[in-house]
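Visitor: Please give me a close look at one part of this model, the place where its two chains meet, and state the cut-offs as you go.

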Number of protein chains: 2
Amino acid sequence: MRIAELAARSGVPLATIKFYLREGLLPRGELTSRTQASYNDVHLRRLRLIRSLVEVAGLRLEVVRYVLVAVDDSSLGRHDVLGRAHTSLSPSASSPAVSAEDLDMVDTLLARWGWQVHGASPLRSLLAQALQALDSLSHPMSDEALDAYAAAAADVASVDVSQLPADRTDAVETAVVGTLLREPVLLILRRMAHEARSARRV
Amino acid sequence: MRIAELAARSGVPLATIKFYLREGLLPRGELTSRTQASYNDVHLRRLRLIRSLVEVAGLRLEVVRYVLVAVDDSSLGRHDVLGRAHTSLSPSASSPAVSAEDLDMVDTLLARWGWQVHGASPLRSLLAQALQALDSLSHPMSDEALDAYAAAAADVASVDVSQLPADRTDAVETAVVGTLLREPVLLILRRMAHEARSARRV
């Protein structure tokens, strides 16, 4: 299809598509003349992925790029892509050091749940940092609350992982999309549950 | 305490504190001379709240301001503040319209779970939009997966709400802080659970 049809079918404005092409986020089409290129379903799917990562997951373009590079790198296994996606997704990667005490709390939790976390993953210190922030606001999370959160996380992860396709490319995309685009679903549902509970108490 | 001590105790740079004062995010101290003001624990606590909302929850300053105004408005009940915080937190408030079909799916889910959601809340259309994005990427969420997510959300909301303090100001702050700052905890734990499950399958 021509670029105009790609725009029509994806709902993404022509200028935006051209920007993604220039930025290398979207692979170039096959040249059919000196000034025209042809696009296919791979482009359409990639375009939808980019828009969802931007609009639904709220990612900045440089993060989108980082995730797409990992998705496209067939030397990376699913586990590595997931680790890399997690590394790049931290809203607070540039934040202050965390205390040994909070890291201990995280490690104790991981051990309690028997969870093995990717070596390069920033998740341990991110969690320690989130707990530290709650402490410093005098809203510490109790072990009971943390375990309830971990149980909920384990339940949804179990459903997510059980539904991964067998094919590598599909599985990688599903894992990344699943991590990113199902996050809002979980957060929105949690807020709905909050409002529902809070309305009942009023 | 003087502003220098406020900076030392909060770990927030002096220039940042002055910026928050100018922007009205932090209430002015009590003037003790023509050029000096005195600050107290209320300022310290507010400062920590702002930093956490920015650093941990990743909110933009105008969203922080909107949340703080609601927290400070004692005419708003806890349920209203929560609704307003939710309204302001949408990463994709400016997004395209959602289909009636997806909204139906959301309403069916809400009815299935008996959840009443705040009238002005954008959560319904946000959820429909998230589901639509997953559909358009050929990664639709099954009813089974959605129910697993809703169950997890209900579990954590139940723990959160059961721990709210009785006092209005405390309850409002706890509800907002709890919604915002416990979100990263849930997401990080979900990613950890993903990595742990994914490592086991490799």
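**The interface of chain A and chain B**

Guide: Between them, chain A and chain B bury about 7700 Å², of which 68% lies on carbon and sulfur atoms; buried area here is the accessible area, taken with a 1.4 Å probe, that two parts lose on being put together, summed over both. Of the area that chain A buries against chain B, 10% is supplied by A:Tyr149, A:Arg191 and A:Glu195, more than by any other three residues. This is a predicted model, in which local features need pLDDT of at least 70 and side-chain atom pairs count only at pLDDT 80 or more, while totals for chains, interfaces and linings use all residues. Residues are numbered from 1 along each chain as its sequence is written, chains are lettered from A and ligands numbered from 1 in the order in which they are written, and side-chain values use heavy atoms, with hydrogens and water left out.

Chain A brings 80 residues to the contact and chain B brings 80 residues, contact meaning heavy atoms within 4.5 Å. The rule finds six salt bridges across the interface, each a side-chain nitrogen of Lys or Arg within 4 Å of a carboxyl oxygen of Asp or Glu. A salt bridge also joins the side chains of A:Arg190 and B:Asp160, at 3.2 Å from N to O.

On the side of chain A that touches chain B, helices H3 (41-55), H5 (78-89), H6, H7 (123-136), H8 (143-162) and H9 (168-201) each supply at least two residues, helices being DSSP runs of H or I with at least four residues, numbered from the N terminus. The largest share of that side, 24 residues, comes from H9(A).
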